[in-house]
Amino acid sequence: MKCPHCGAENKEGASICTECGKPIYEIQTKIKESKDERLLTKKIIRTAVIVIVVLLILVSGVYLFVTNNNDTNNISLGSCTMEIPSDINLTQVNVSNNTNLQTYTDTNKNVMVSYLNASNPETSNNIKEVTTNLGSYTKLTNKSLNANCTIYAVSSKLGYNYMGTYHSNNAFILIGGNDLNDIADMLNSIKS
């Protein structure tokens with residue numbers, strides 16, 4: 001073993017240099033402890049990095065699950081989109097090339113959604129007729145309902161307890177159903 005002070009060769013495990021008389025073992029021990037501390041620090045850093053990566057993966061997974069696990073589906077109605085509750089399964093009933101009229105139903109949930117192109121002169125008379133007929137029913141007030149939306153309590157003879165309407169320059173959407181909250185949510189979700 002070499003003396004760290006003068007470089008003289010000494011017996012292995014010697015505590016004092018035979019040449020200069022300075023301590024050898026104490027310095028060698030400190031060097032060994034320093035190496036051990038560096039190895040320990042590397043292990044701690046490596047473990048911390050692994051823990052952080054695992055946590056990031058878990059948080060990302062939870063975020064993706066929460067954001068993709070919504071309770072709605074979107075449907076396109078002319079130039080509009082509307083969110084439909086996931087328990088409602090709408091099927092288009094008037095499958096044609098007529099883009100001025102689209103009608104969807106879910107017979108199990110007793111829901112109907114119709115879209116009329118409000119900017120088309122051919123459908124404007126239909127919209128006036130529907131609006132006039134609904135005017136004979138009780139208009140429900142709902143502070144959370146968007147300004148261009150209205151809900152009516154209608155006779156069950158029509159097959160629904162409620163009818164909701166959305167009216168803009170481009171679209172007239174009529175929703176029939178028995179769940180007032182579903183109708184209000186669908187109307188408020190419409191984006192044009």
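These questions and answers walk through a predicted model of one protein chain. Local features need pLDDT of at least 70, side-chain atom pairs count only at pLDDT 80 or more, and totals for chains, interfaces and linings use all residues. Residues are numbered from 1 along each chain as its sequence is written, and side-chain values use heavy atoms, without hydrogens and water.

Reader: What pattern does the protein chain follow along the sequence?
Author: Helices (H or I, at least four residues) and strands (E, at least two) are DSSP runs, numbered from the N terminus. The chain has three helices and nine strands. Read along the sequence, the pattern is α-β-β-β-β-β-α-β-β-β-β-α.

Reader: What percentage of the 192 residues count as buried?
Author: Buried means under 20% relative accessible area, exposed over 50%, and partly exposed in between (1.4 Å probe, protein chains only). Of the 192 residues, the buried part is 31%.

Reader: Is Leu-145 buried or exposed?
Author: Leu-145 sits in the loop between strand S6 (138-140) and S7. Its C-alpha atom is 8.4 Å from that of Asp-185, 40 residues apart along the chain. Relative accessibility is 12%, so Leu-145 counts as buried.

Reader: Which residues form the nonpolar patch on the surface?
Author: Patches are made of residues with over 30% relative accessible area and no salt bridge; like charges are joined within 9 Å, nonpolar side chains (Val, Leu, Ile, Met, Phe, Trp, Tyr) within 5 Å. A salt bridge is a side-chain nitrogen of Lys or Arg within 4 Å of a carboxyl oxygen of Asp or Glu. Val-51, one of the patch residues, lies in helix H1 (residues 25-68) and has a relative accessible area of 44%. Together, with about 450 Å² of accessible area (Shrake-Rupley method, 1.4 Å probe), the patch residues are Ile-50, Val-51, Val-54, Leu-55 and Leu-58.

Reader: What is the phi of Asn-110 near?
Author: Asn-110 lies in the loop between strand S4 (101-106) and strand S5 (111-117). Asn-110 is partly exposed, at 27% relative accessible area. Its phi is positive, in a residue other than glycine, and near 55°.
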